[in-house]
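Come along and check each entry against the model.

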Amino acid sequence: MEKPSETNLGRPDMNSLQETRRLRRIREVEGYLDLILSASSQLSATFEAKRTVALRAISLLDEIDELDGSSSDTLYLRGQTYRTLDEHDKAIECLRQVCDDDPADIHVWLALGWSYKRLGRLDLAIEALEEAMCQDPAQPIIHYNLACYWALAKNIRLSLEYLAQACEINSSFRELVGNEPDFDAIRNDPEFIGLLNLIA
């Protein structure tokens, strides 16, 4: 008769336990990020409080990477956490690696573009979103963000082209335009006003 394996005796597999612990830490980091973002939107927490939470998230990610090695999901979370700390160079370094490993994930390209924008590198922000466009051209958020970035670059033609595409894919993006500061540079341009009247 064959001797039963340890797993058959009801003992948990060590790899399974390690993965469970890893996932628990990942969820905890995601919770910290949600907390930071919700605090930012309500302006109820001080910068120092948000920084404390972000540094706790980084510390947890360090623990995960030390035990299991870094991966696309921890690099993405690390990049997002650095973004909340306004440490955009570090965020870009992490997000760039994720894009190299998984170019199909448009959320990473969007985050990368956002970080480049914060550093004043509109050229690289636009390049990141053009990469996202190659992956999924039907996503209106990509078109909308490209419209914003081209508006900041004062290229009215391309900004209007991408804005029209975003609104054609999803008309609710029209509602964002009025409060979008990125369009302030071209808001009084007759072509911009004409497009808004057209897509209203």
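**Entry 1: the second largest pocket**

I sorted the lining of the second largest pocket and found 6 nonpolar, 1 polar and 4 charged residues. My sorting rule was that Ala, Val, Leu, Ile, Met, Phe, Trp, Tyr, Cys and Pro count as nonpolar, Asp, Glu, Lys and Arg as charged, and the others, Gly among them, as polar.

Before going on, I noted that this is a predicted model, where local features need pLDDT of at least 70 and side-chain atom pairs count only at pLDDT 80 or more, while totals for chains, interfaces and linings use all residues. Residues are numbered from 1 along each chain as its sequence is written, and side-chain values use heavy atoms, with hydrogens and water left out.

A pocket here is an open set of points on a 1 Å grid over the protein atoms alone, where a 1.4 Å probe fits, with protein on both sides within 12 Å along at least five of seven lines; lining residues have an atom within 4 Å of a point. I read off a volume of about 220 Å³, which is the space filled by probe spheres set on the points, joined across faces, edges and corners.

Which helices each supply at least two residues of this lining? They are α5 (106–118) and α7 (140–152), and α7 gives the most, with 5 residues. Helices are DSSP runs (H or I, at least four residues), numbered from the N terminus. Among the lining residues I marked Trp-114, Lys-117, Tyr-144 and Asp-182.

**Entry 2: salt bridges**

I counted 14 salt bridges, each a side-chain nitrogen of Lys or Arg within 4 Å of a carboxyl oxygen of Asp or Glu. Side chains of opposite charge can pair when their charged atoms come close.

Is Asp-182 buried or exposed? Asp-182 is buried, at 9% relative accessible area (buried means under 20%, exposed over 50%, partly exposed in between, with a 1.4 Å probe and protein chains only).

Next I checked Arg-27 and Glu-30, whose closest N and O atoms are 3.3 Å apart. Both lie in helix α1 (residues 14–42), about one turn apart. Arg-27 is partly exposed at 49%, and Glu-30 is partly exposed at 31%.

Last, I found Arg-56 bridged to Glu-63 at 3.9 Å.
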